Amino acid sequence: MNGLRSVTLWTYDLKETESFYKNILGLNTLMNHDTNILHVGDANIAPGTRLIFKQYQGDQEKIDSHFHGIALRVPTDLALYEYKQQFDKHEVTYESVQQLNGKNLFKFHDNNGHTFHIISDELNAGVPLGTAYDDGPISPIHQIQGIGPVMIKSPETQATGSLLKNIFELQLFAEYKTIDDESALVFKVGAGGNGGELHLIDYPKAIESLNPPIERVAISIDDIEHFENIVNHVKEIEMEHHIIQHEAGLISLFIRDLTGIIITITFDTVN
């Protein structure tokens with residue numbers, strides 16, 4: 001496994017979301033007007049830095065999220081205060097700095113209400129950061145350059161954990177309690193660190209998924225034999241899945257967890 005690849009989320013307003021991530025967070029954005037999909041990320045919108053937003057036009061009051069939180073990685077502790085100043089300027093509400101596994105972070109919500117954390121990579125090792133985007137309002141030395149950890153909620157942590165460990169072959173290597181005393185399991189992806197951790201949060205109630213489902217977390221893999229072993233295992237146990245050949249050197253396995261979230265393994269020799 002290489003690490004986390006991307007997270008796909010819903011948005012009520014693509015243009016407003018593009019403005020939030022470009023003009024406030026200082027990230028690069030790419031809007032596909034044919035598909036109504038927005039890509040957000042580092043200078044190259046590269047895997048490991050990528051957020052994908054799809055338009056949602058359903059009932060906003062009934063919507064719930066499978067994500068407990070998504071961390072956005074900055075190079076240093078000082079960058080946290082750069083973003084605090086930016087949020088103050090644009091009247092974005094945020095919480096005080098806390099620690100997760102010894103790394104400083106603080107929580108905020110985007111224009112859609114999604115929960116995010118700005119997390120410092122100052123004491124981090126593992127999956128490297130991406131490339132800073134020079135044209136944004138945030139100095140490149142402080143800018144968000146990656147995603148992770150990604151924290152997903154599950155009322156069936158044993159079943160979802162089994163999928164991550166036994167099917168996707170992620171390494172379960174830590175447990176902790178959140179600040180709200182929720183149980184959390186930490187799965188290591190690739191080299192680990194902020195960009196290579198998937199956290200599974202015990203959630204007390206069922207999550208109502210969108211129809212069709214939108215929320216997805218994707219993981220990159222660069223070993224075709226490993227990818228084929230995962231696919232064969234899925235076929236052997238007759239688990240529902242989809243395989244999409246995007247282009248030469250890029251193929252994805254899609255599985256929808258029983259909680260409703262889509263988890264993807266992408267074999268990638270391109271990026």
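1. Tyr83 and Phe87 are both buried, where buried means under 20% relative accessible area, exposed over 50% and partly exposed in between (1.4 Å probe, protein chains only). The two residues lie four apart, about one turn, in helix H2 (residues 77–90); helices (H or I, at least four residues) are DSSP runs numbered from the N terminus.

2. This is a predicted model: local features need pLDDT of at least 70, side-chain atom pairs count only at pLDDT 80 or more, and totals for chains, interfaces and linings use all residues. Residues are numbered from 1 along each chain as its sequence is written, and side-chain values use heavy atoms, with hydrogens and water left out.

3. The structure holds 13 aromatic pairs. Rings of Phe, Tyr and Trp (its six-membered ring) pair if their centres lie within 6.5 Å; planes under 30 degrees apart count as stacked, over 60 as edge-to-face and the rest as tilted. Trp10 is buried at 4% relative accessibility, whereas Tyr12 is partly exposed at 23%. Tyr83 and Phe87 make an edge-to-face pair, with 6.3 Å centre to centre and 65° between the planes.

4. Tyr83 and Phe87 also belong to a cluster linked by ring pairs. Other members include Phe20, Tyr21, Phe53 and Tyr94, as well as Phe106, Phe108 and Phe116.

5. Glu228 is found in helix H4 (residues 224–236). Its relative accessible area is 44%, so Glu228 counts as partly exposed.
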